[in-house]
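Here is my note on the model, with a few points to read alongside the coordinates.

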Amino acid sequence: MTEHYDVVIVGTGAGGGTIANVLANAGKRILLLERGDFLPRELANWDPEQVFVDGRYVSPDTWYDADGRGFQPQVHYFVGGATKMYGAALYRLRPADFGGIRHADGLSPAWPVGYDDFEPWYTKAEWLYQVHGAHGEDPTEGHWSRPYPWPAVSHEPRIQQIADAMRDAGYHPFAAPCGILLDEARRPASACIRCATCDGYPCLVHAKSDAETIAVRPVLGLPNVTLLVNAEVQRLETDPAGSSVTGVVVSRNGQAETYSGDIVVLSAGAANSAAILLRSASDRHPGGLANGSDQVGRNYMFHNSNAVVALGKEPNDTVFQKTLGLNDFYFAGDGRPWPLGNIQMVGKSNAAAMRGEEPALTRLAPQLSLEEVARHAVDFWLTTEDLPRPGNRVTVDGEGRIHLAYQAGNADEAAALYGELRTIMDHIGLAAHHLLDKNFYLHMSIPVAGVAHQAGTCRFGADPASSVLDVHCKAHELDNLYVVDTSFFPSIGAVNPALTVMANAIRVGEHLVERMA
Ligand SMILES: Cc1cc2nc3c(=O)[nH]c(=O)nc-3n(C[C@H](O)[C@H](O)[C@H](O)COP(=O)(O)OP(=O)(O)OC[C@H]3O[C@@H](n4cnc5c(N)ncnc54)[C@H](O)[C@@H]3O)c2cc1C
C-alpha cells in the first residue's frame, strides 16, 4: 500500500507532535506515524506504585549495552512520546550554552545558531505550551521578547520558606518554568494536582502541557491530518540516486505498509531516529542513510543527573513541588573552575515510590517510619551537562536491534554540584540529606537504561563532515529528510531539553511551510 502526503512525520513526541501542529495549521496534508497508542486514561495514571514501582507506562523494548547485555530502556511509546511522562519543566538553554564551553572532561561544542536566533522560537514554544514562569529572577537567563503567558506557579509554604532562606543566604532562587494548564486565580496547584507535580506521571485530566494534549489532539479533527497509531517505522527507502526519501516502511499491526511524502520528518527520539537511519543502509548509503560523515548514532548525550532527598525537622506537605530552580553554579566563576549545572526541585516523594530505597532512607532517620520520611522529605534534582563523545553511540546489529554504548562524563562536576547543595542545605536548616541514585526515580536496573534526556545522535551543523543535519535540520545528504527530535543537539546544556526541542520544531516547521510555498 502506498499513500502520498505533503509531509510524513515519524513520532508524535515533543519534536514530532509540535511540528505536526505547525504544519497542520498551515494546511499541509500530513501523516503522523506513531509506534505507540494513546496512553490510557485510568486511575493508575496517578498511582505511584503502578507508575514508579511497576513501571506500568514504560514500553516493552529491549536494547543492548556495550557488553551485549539486554536491558529495558526507560522509553514511553505513546501519542505524545516521553512528554506524557515528563515533569514539564520547560527551560530555555542559557545564551552561553549556544557557544563553546570548557568542562572538566572536555569541550561542550557551539551550536550553528546563537541564542538570539533561537529566542523567537522559544517564545512561540512557551506560548504554545502555556508555560508558567517569571523572567528577571535568574541571573543566567537570556533576553526574552515576550513575557510568559502565565505567571509563575506559586510556591507552596514549605518551598516558599526554602526560597526565602536561600535568598537570605545570598543565593538567587527563581520560579521554575512549568508547562501546566492551570489558572491559579481559580484553583491553586495544590488543589488541582493529585500526582506530585506531573513528574514521571501521565496526567489523567490532561492538565499537563504535553505534546499529545497541546500539539496533536487539537489538530486531529482537521481534514488534512491523518494519525496512524501502532505504526512502527522500520526504515526509509530512497530513489536510485539516494538523494530523496521515497518510502517510509512501516509495520502496522503486524502488516508491512509503505507511505511517502514530499518531505519526511524523523522524530522518533534520539536513539530510535538514529536506529531508523542506520537500518536504512543501501548501496548509496552503505553506512546508513545520511551517514556519510559517520556521525549518525554518535555523540549520544544524557544528563549527569542526581536526585537528592533532604530531610528536615519540619514536615513538607507540598503537593506541587517543582516550582523552584537555582542556577548559581551553572557556569564557572567565584573560584569554581568548571560549570556545575542546574538545581531544581523534583516531584514530591512519597512512601510508595520510596519503597525500593527503604533500608537506606530509614537508616538516615531510624526514628521515622517510611511514611514519615516521605512527609519530611524535600526533593532536589541536580543536572550536570554531559558532553558529546563519539564513542557514546547508538548502533544496530544485523537484526536491527539497538545497541547503546555509553559512559557518563563530568563526574567531578556532578560531585561538586552536590557539594554546593549540601552547603546550601546547611545554610537553610535541612541537615540530613542523602544522595539517591537517579534510578530511584526512574526505576531502572542499570544506569544506561535511564534514557529520558537522550540527545545528540544526528547533530546539526554547518560542516557535512562533522554533522548529520544542516542548520534547518535537513540531512546534508538528502533533499527531503529532516530530523527534529533531540538528535539534533550538538550539546545539551544543563537544563531540561524539551522546550528546546519544541522551539526547534516550530522553527523547522515554519521553514518547511516557506519551502513548500
Ligand atoms: C520521566 C521523564 C521526565 C522528564 N521530565 C522532563 C522535564 O521536566 N522537562 C524536560 O524538558 N524534559 C523532560 N523529560 C525529557 C523530555 O520528555 C524529552 O526530552 C522529549 O520528550 C524528547 O522529545 P523527542 O521528540 O526527542 O522524543 P519523544 O518525545 O520521546 O518522542 C518520540 C516519539 O517517537 C515515537 N517512536 C519511536 N520510535 C518510533 C518508530 N520506529 N516509529 C514510529 N514512532 C516511533 C515514540 O513512541 C514517541 O512518541 C522527561 C522525560 C521523562 C521520561
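**Notes on the aromatic core and the overall fold**

1. F460 and F488 are both buried (under 20% relative accessible area with a 1.4 Å probe, protein chains only). For F460 the relative accessibility is 2%. The two rings make an edge-to-face pair, 5.0 Å centre to centre with 85 degrees between the planes. Here Phe, Tyr and Trp rings (the six-membered ring for Trp) pair if their centres lie within 6.5 Å, with planes under 30 degrees apart counted as stacked, over 60 as edge-to-face and the rest as tilted. F460 sits in the loop between α12 and β22 and F488 in the loop between β22 and α13 (498-516), so this pair ties together parts 28 residues apart in sequence.

2. A word on provenance: this is a predicted model, where local features need pLDDT of at least 70, side-chain atom pairs count only at pLDDT 80 or more, and totals for chains, interfaces and linings use all residues. Residues are numbered from 1 along each chain as its sequence is written, and side-chain values use heavy atoms, leaving out hydrogens and water.

3. The count comes to 18 aromatic pairs. In one of them, the ring centres of W111 and F460 are 5.5 Å apart and the planes stand at 90 degrees, so it is edge-to-face. That pair joins parts 349 residues apart in sequence. W111 is buried too, at 6% relative accessible area.

4. One aromatic cluster takes in F98, W111, Y115, F118, Y122, F460, F488 and F489.

5. Zooming out, buried residues make up 62% of the 517 in the protein. The C-alpha atoms fill a box of roughly 70 × 50 × 45 Å along the principal axes.

Conventions
Buried means under 20% relative accessible area, exposed over 50%, partly exposed in between (1.4 Å probe, protein chains only). Helices (H or I, at least four residues) and strands (E, at least two) are DSSP runs, numbered from the N terminus.
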